[in-house]
Structures are given as C-alpha cells and as structure tokens.
Amino acid sequence: MRFLKHALAALSLGLVAITASAAPANPQNGVDYRTLNKPQQTESGKKVEVTEFFWYSCPHCFAFEPDLEAWVKKQGDNIAFKRVPVAFRDSMVPEQKLYYALEAMGKAEEMQKRIFNAIHVQRLPLNTDAAIVDYIAKQGIDKQKFLDVYNSFGIQSKVRRAAQLQQAYEIDGVPTMAIDGRFLTSPSIVSASLGNVSEPALAAGTLQVMDWLVAKVAKEKAPHAAPAAKAAPAKSK
C-alpha cells in the first residue's frame, strides 16, 4: 500500500491486522526509512528537529494524527516539532493557507484536531477560501482578523516556502516524517517491511522508527564526555 500524492480519496484499506510487536525493532536504511541525498538545514539547535508533512484532507494524516500527537507529547523537550502543509496541486493551497493563518494567530495546535474532524467526520469540504472562512467564523475566531492574516503577504511567503521544503525533502506522499533534516519515514515507507497490515500497525511501526531515529540523532548531537582526569601521583614521604 502506498500513500501517494495521487491517491487523494479516502479508501478502505482492507488489510490484515497485526500487533504492534511486529513493528521494526532494528530499522534499516532504504527499507524502514530513507536518507536524503542532500541534508537540509535545521533550526532546532541541540534538539532533534521532527517535521510532519501533511494535508488536512488526507485520510491517512487524519488516522495518524492521534498517535502522532501522543508521541510528540511523550517526547517533550527532546524534540522541536514542526508541521508543513503540502500541496501537490493548486486546489490544495487554501488548506495550506488555513494552517499557516492559524499558526500565525497562535491557534494551529488548538484547531488541528477540530479541522481534521470537520473534514473527515463531519464531511465538511474545507478546500476553498469561502468554505474555510465560513467554518472559521463558526469557531469563535474573529472573521476579519483571520481574513487579514489568511490573505497577507506573510502567509503567501510561507506557502512558497512550503513548496520549497516539499521539493527539498522529496515529499511524494503524506503523512511523511522528517528527522533532523536527513531522514524520512512514513506509514508508506514502513509498509515495505511490514507488508499488508492494518493502518494502526503501520502507525505504530512508523513511530517506532521515529523513536530509533530520534535516539540516533540525539546521540550524535550529545557532546562527547570528557575523559576522566588521572589521579595525581601520591607524594613520597
């Protein structure tokens, strides 16, 4: 199963369920994760940068979100977590602007689950400017303030930057997780080693690979321990 950019409609997976214990215990490069040919610069300093490339209308992103949210909370200050909304075609740009406008207003994380539920549970098509503005106005957010941000030059710049990141990270499907600007993993990538399994099992496998990659990068970032000082020789009496 592949989570490709062309598979935009929600499909029933019809896969055989397995337990999370089948998740990759020893992730392999080129199988459970990929290494970018050209590493990307990160801005997280000593923390491990973790970036999710997602699309609000993606059913797999919706399915992955609860597990990812719990994983991020568990990581705490060990990581710097970011999201990048993608657009594989022009019709997806309004959803990018929706995320970045909410982010600029300090409401992105607060609204993340609500927007996913609106699209995938309530079946609201939030894929046009008009539909988005109408929905936002019903969420207790000032309509005019949102419109001002949504249509601002700053949001247009972030959309252009998202397109650059999407290309630089070679994103061909969502959800995709980037670790430290060097490694990519996703339910689609992990499925190569796990085979035909349930979506929850793929999510568990992806998070296990992410745990391994974060630990790997954290170890590399940790300063080398200074060698223990030698004891001074005892003075002769």
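User: Before we start, what counts as buried here?
Analyst: Buried means under 20% relative accessible area, exposed means over 50%, and partly exposed is in between, with a 1.4 Å probe and protein chains only. This is a predicted model, where local features need pLDDT of at least 70 and side-chain atom pairs count only at pLDDT 80 or more, while totals for chains, interfaces and linings use all residues. Residues are numbered from 1 along each chain as its sequence is written, and side-chain values use heavy atoms, leaving out hydrogens and water.

User: OK, helix H2. Which of its residues are buried?
Analyst: Pro94, Glu95, Gln96, Lys97, Leu98, Tyr99, Tyr100, Ala101 and Leu102. That makes nine of the twelve residues in H2. Helices here are DSSP runs of H or I with at least four residues, strands are E runs of at least two, and both are numbered from the N terminus.

User: What covers them?
Analyst: The cover includes strands S2 (48-54) and S3 (79-85), plus helices H3 (108-120), H4 (129-137), H5 (143-150) and H6 (153-168). Contact means heavy atoms within 4.5 Å.

User: And what comes after H2?
Analyst: Gly106 follows H2, with a positive phi near 75 degrees.

User: Switching to the sheet. What's the strand order?
Analyst: S1-S5-S4-S2-S3, an open sheet of five strands with mixed pairing. Two strands pair if DSSP finds at least two bridges between them.

User: Why do S1 and S3 each have a side without a neighbour?
Analyst: Strand S1 (34-35) and S3 stand at the edges with a single partner strand each, so one side of each has no neighbour in the sheet.

User: How many bridges join S2 to S3?
Analyst: Seven, and the two strands run parallel. Arg83 in S3 is the bridge partner of Glu52.

User: Now H1 and H8. At what angle do they pack?
Analyst: About 35 degrees, with their axes 10 Å apart. Axes are lines fitted to C-alpha atoms, for helices over the stretch in contact, and angles run from 0 to 180 degrees between N-to-C directions.

User: Which residues make that contact?
Analyst: From H1 they are His60, Ala63, Phe64, Asp67, Leu68, Trp71 and Gln75. H8 supplies Glu199, Ala203, Thr206, Leu207, Met210, Asp211 and Val214.

User: Last one: is Val209 buried or exposed?
Analyst: Val209 is buried, because its relative accessibility is 0%. Val209 lies in H8 (residues 199-221). Leaving aside neighbours within four places in sequence, Val209 contacts Pro24, Pro27, Asp32, Tyr33, Thr185 and Val190. The C-alpha atoms of Val209 and Asp32 are 7.0 Å apart, though the two residues are 177 residues apart along the chain.
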